[in-house]
Amino acid sequence: MYDWSAWKEGQKLLDNTDTDFDPLDMTTLCKLITLVIRADRFNDGCMIKHFENRNMEKIIRALRKHVENK
């Protein structure tokens with residue numbers, strides 16, 4: 001378990017629209033999804049923002065690549 005609200009590195013990854021999620025490991029990608037979902041509970045619209053800026057799509061695609069390569 002990790003403290004998603006204190007995970008500054010994850011927030012930096014999400015704030016940078018040029019982040020390449022492909023090199024990140026599966027654990028980090030899952031933590032990023034968790035961060036977005038949990039943050040949306042306290043900040044209405046957070047999840048929508050990350051779908052609109054395509055972060056969620058990029059994260060899911062990166063996870064898919066990991067799964068397909070195993």
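The questions and answers below look at how parts of this predicted model are arranged.

Reader: What should I know about the model and its numbering before I start?
Author: This is a predicted model, in which local features need pLDDT of at least 70 and side-chain atom pairs count only at pLDDT 80 or more, while totals for chains, interfaces and linings use all residues. Side-chain values use heavy atoms, with hydrogens and water left out, and residues are numbered along each chain as its sequence is written, starting from 1.

Reader: Is Thr28 buried or exposed?
Author: Thr28 belongs to helix α2, residues 26-42, where helices are DSSP runs of H or I with at least four residues, numbered from the N terminus. Leaving aside neighbours within four places in sequence, Thr28 is in contact (heavy atoms within 4.5 Å) with Trp7 and Leu13. Buried means under 20% relative accessible area, exposed over 50% and partly exposed in between, with a 1.4 Å probe and protein chains only. Because its relative accessible area is 16%, Thr28 is buried.

Reader: How are α1 and α2 oriented to each other?
Author: Two packed helices are described by the angle between their axes and the distance between the axes. Helix α1, residues 8-15, packs against α2 with the axes 10 Å apart and at an angle of about 80 degrees; axes are lines fitted to C-alpha atoms, for helices over the stretch in contact, and angles run from 0 to 180 degrees between N-to-C directions. Angles under 35 degrees count as roughly parallel, over 145 as roughly antiparallel, 65 to 115 as roughly perpendicular and the rest as oblique. The two helices α1 and α2 are therefore roughly perpendicular.

Reader: Which residues of α2 meet α1?
Author: On the α1 side, the residues are Gly10, Gln11, Leu13 and Leu14, and their partners in α2 are Thr28, Leu32, Leu35 and Val36.

Reader: Is Phe42 buried or exposed?
Author: The charged end of Arg41 sits over the ring of Phe42, 5.4 Å from its centre, a term that requires NZ of Lys or CZ of Arg within 6 Å of the ring centre and within 35 degrees of the ring normal. Because its relative accessibility is 57%, Phe42 counts as exposed.

Reader: How far apart in space are Leu63 and Leu29, C-alpha to C-alpha?
Author: Leu63 lies in helix α4, residues 55-68, and counts as buried because its relative accessibility is 14%. Leaving aside neighbours within four places in sequence, its contacts are Met26, Leu29, Cys30 and Ile33. Although Leu63 and Leu29 are 34 residues apart in sequence, their C-alpha to C-alpha distance is 6.8 Å.
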